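Dear colleague,

I am passing on the structure below for you to look over. My notes on what was found in it follow.

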Amino acid sequence: MSPTFRSLRNPNYRLYLAGSLVSNTGTWMQRVAQDWLVLQLPGNSGSELGVTTGLQFLPILLLSPYAGVVADRFPKRRLLQVTQAMMALASLALGVIAVLGVAQTWHVYLIAFLFGIGAAFDGPARQSFVSEMVGPDDLTNAVGLNSASFNAARILGPAVAGLMIGALGGGAQATGWVILVNAASYLAVIAQLERMNVALLHPTELQRREPGMLVEGVRYVRSQPKMVLIMIMVFFAGTFGMNFQITSALMATEVFGKGAGEYGVLGSALAVGSLTGALLAARRVRIRVRLLVVAALGFGLAEIVAGLLPTYVAFAVFAPVIGFFTLTFLSSANATLQLEAAPALRGRVMALYMTILMGGTPLGAPIIGAVGQHLGARWALIIGGVLTIVGVALALAVHTRLDSGLRTVLTVPSHPGSLFSRVWDNQAVARARKQSGSQVLESGTDCPVSGTLTGSR
């Protein structure tokens with residue numbers, strides 16, 4: 001089997017990937033339909049679109065840290081079935097009121113927020129469940145294939161949504177049928193999770209409820225310069241740069257004067273580059289800090305260039321470049337954090353990652369939406385790109401300071417992936433590492449933790 005697809009040797013992962021492809025396609029269809037629904041309601045513009053996006057991601061900012069604790073305490077397979085059902089019900093409600101023609105802006109706001117609650121608890125469980133399906137040797141590949149599935153759906157979903165909305169009349173009621181398709185797509189994931197062979201899973205030991213579990217995860221991340229570097233870059237890129245729902249919609253409608261079909265094509269064009277980046281990421285075995293920094297800088301520069309392009313065709317042709325850098329950066333950040341994290345803390349680490357990546361959207365989306373409305377969509381892209389580059393510079397400065405400071409007190413591990421406690425460990429983290437070490441000895445698997453903390457890049 002090609003190294004790009006080596007994780008597909010695992011039957012559970014094959015089931016998971018197939019269900020995710022169906023559900024992700026529906027998700028992208030709903031994203032286009034929901035944005036178009038907001039713009040079709042009377043009196044709405046970029047500001048309302050930004051508020052809707054912000055409300056959908058606000059629960060991730062508020063609840064993801066606690067959701068990481070839940071992911072470490074409960075079986076992730078069952079937890080995912082519950083969260084998928086929650087999002088299906090929210091989509092069903094939005095689809096029904098849109099089809100009936102009674103949707104109002106406040107309805108969309110409320111349902112977007114409820115949908116976000118399900119997504120907040122789904123993210124950490126889904127991210128950390130991958131390592132329970134595949135071993136550490138295939139984890140980078142599985143993360144890359146997950147991204148490839150997500151972006152293959154991103155190519156198909158917006159195009160299908162745009163065609164459906166156009167064929168059904170282009171109004172608010174047409175968007176409802178698209179959203180109902182997404183509600184049904186969640187059943188695919190729920191069914192595939194049920195079909196898995198539990199004996200082939202490698203679940204981590206469930207953590208007992210103890211005071212300070214959330215703080216324990218934060219301290220663990222703060223103690224590792226590489227994780228801090230990633231989190232800062234992800235915050236700036238996710239908050240100010242990755243507002244494609246807003247910027248693409250405004251560029252299509254206000255700058256280039258296009259309709260739903262052309263807007264859907266932009267989403268698919270972004271996904272072409274993202275899919276390419278995901279497949280390349282799936283082939284990598286080792287990820288260097290240099291790759292993360294270059295990908296983040298490339299993303300920021302690509303957004304600035306996109307904001308200066310003169311025509312719709314030029315914008316659509318260039319969109320895959322933005323998608324490529326976006327996915328290369330996010331896939332590398334995701335895989336690095338999962339490989340570096342101790343198993344007992346992986347849910348909380350990934351929850352903090354999701355909080356920073358998607359939780360920044362409630363802060364950035366209204367700002368970018370307002371910039372797009374008052375200064376123009378081009379400035380929304382340019383400012384987002386500039387702030388992403390500023391974030392990279394800040395992350396490098398903080399990483400250099402932390403790495404130099406910690407290097408003077410770190411006990412050098414005996415080998416990469418060592419789980420022995422280091423002098424910077426507080427008691428809570430040392431206890432978690434001890435638990436993780438027991439799991440490694442029992443399962444026979446290797447879980448690398450911060451092999452790069454000695455200063456290697």
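**Salt bridges and a surface patch**

The structure holds 6 salt bridges, a salt bridge being a side-chain nitrogen of Lys or Arg within 4 Å of a carboxyl oxygen of Asp or Glu. This is a predicted model, in which local features need pLDDT of at least 70 and side-chain atom pairs count only at pLDDT 80 or more, while totals for chains, interfaces and linings use all residues. Residues are numbered from 1 along each chain as its sequence is written, and side-chain values use heavy atoms, with hydrogens and water left out.

One of the salt bridges joins R9 and D138, at 3.3 Å from N to O; because R9 lies in the segment before α1 (11–40) and D138 in helix α5 (residues 136–167), the pair ties together parts that are 129 residues apart in sequence. Helices here are DSSP runs (H or I, at least four residues), numbered from the N terminus. R9 is exposed, with 52% relative accessible area, whereas D138 is buried at 18%, where buried means under 20%, exposed over 50% and partly exposed in between (1.4 Å probe, protein chains only). R6, R9 and D138 are linked in a network of salt bridges.

K76 and E132 also meet in a salt bridge (3.1 Å, N to O), and since K76 lies in helix α3 and E132 in helix α4, this pair ties together parts 56 residues apart in sequence. K76 is buried at 4% relative accessible area, and E132 counts as buried at 5%.

Within helix α4, D122 and R126 lie 4 residues apart, about one turn of the helix, and their closest N and O atoms are 2.8 Å apart.

Terms used: Helix = DSSP H or I, 4+ residues; strand = E, 2+ residues; numbered from the N terminus.
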